[in-house]
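Reader: I would like to go through some of the labels used for this structure. Please set each value against its definition.

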Amino acid sequence: MKNGIRLLLLGVLVSLSAHATAQDTLTLKNGDKLKGEIKSLNKSVLTIETDYSDSDFKVEWENVTAISSNRKYNIFLSSREKIYASLSDSTVTGFAFLVHEGVVRKVKLSEIVIIDPINEYFADRFNASISSGLTLTKANNSKQFSTRATISYHTVNWHLSGNFNDTRNEQDDVEPIRRTDGSGNFYYLFYKNWFGAINYDFLSNTEQQIKSRSTQTFAIGNMIIRNNKLYFSGSAGLTFNRENYYNETEILNTREGFMGAEFNAYDIGDINFLSKLSYYPSFTESKRNRINFSVDVKYDFPLDFFIKVGYTLNFDSNPPNDGAKQDYVFQTTLGWEF
């Protein structure tokens, strides 16, 4: 019995030692090699953690000529395939050898869109950012404060994300204006680039007399374009809407259709462009249509700092309680991503 326990402990120690010494390797165009742990490839940027730097290295994917790793990854190709594989040592510049269930497949590095390690710790799957902005104007004693935050978590086949925006504006002789919106999103990738999505959105807006609006959307969509430069997806489904307006005691429950699109361009230097459009034709109220539109342009600075310029539009063709048909917010914030 004691010998069995000793052998078990020895096997565990050997396994841990092998894991500790195993390293992933990148070869760059200039001939340099980076050894460490590949964290991810996303939006044409590969992140690798090394023992000789306190900060992770971020390498543009087009500068990588070879890659190897014994660990398993979810690897997404531009052909809309997803392969669970390790990366064998590449002997041909510009190509990778994917090892899946003992079968080796040769692919161009340019065909690899996402490398997602799935054997990471729970906390390593989170990505978050927070930014804020303050504007002070002497005229009318105007003050505006903005806060924006995002968080996401993803696994092999599903992705969970959320965001929060809050804008407050105060000035003399004018009623304070406040706009708060947020969302939680879940999607499941069930076949190639087809996915199912459940979205929850919340909006409170004094300009449109909206005390609270909560929206639950169930949709099916397709990632039409997903490569190392662009992402574009479309989706459609049903929406269940619950609205509560200022100076109104009745809570409205409506049913709507849903059509949405998302466009993201990220291979343009340090600039990231993201735009989303949602259209809600009402089934409960005739001739009522709602549109939500947002666009964000982010510029990355060193040390994970960034500046972001954002525009958000909410339109309602037939708002209850004589509220404004549309409202928009233009924000400029400085933040840090972690």
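Reader: What makes Lys 39 count as buried, partly exposed or exposed?

Author: Lys 39 has a relative accessibility of 22%. Buried means under 20% relative accessible area, exposed means over 50%, and partly exposed is in between (1.4 Å probe, protein chains only). Lys 39, at 22%, therefore counts as partly exposed. This is a predicted model, where local features need pLDDT of at least 70 and side-chain atom pairs count only at pLDDT 80 or more, while totals for chains, interfaces and linings use all residues. Residues are numbered from 1 along each chain as its sequence is written, and side-chain values use heavy atoms, with hydrogens and water left out.

Reader: Why is the contact between Glu 49 and Lys 39 called a salt bridge?

Author: A salt bridge is a side-chain nitrogen of Lys or Arg within 4 Å of a carboxyl oxygen of Asp or Glu. For Glu 49 and Lys 39 the N to O distance is 3.5 Å, so the pair qualifies.

Reader: How do you know that Glu 37 and Arg 71 form a salt bridge?

Author: Their closest N and O atoms are 3.8 Å apart, and the limit is 4 Å, so this pair also meets the rule.

Reader: Why is Arg 71 called buried?

Author: Its relative accessible area is 18%, so Arg 71 falls under the 20% cut-off. Glu 37, at 27%, is partly exposed.

Reader: What makes Asp 166 buried?

Author: Asp 166 has a relative accessible area of 5%, so it is buried. Its salt-bridge partner is Arg 168, with the closest N and O atoms 3.1 Å apart. Arg 168 is partly exposed at 40%.

Reader: How many salt bridges does the rule give?

Author: The count is 17.
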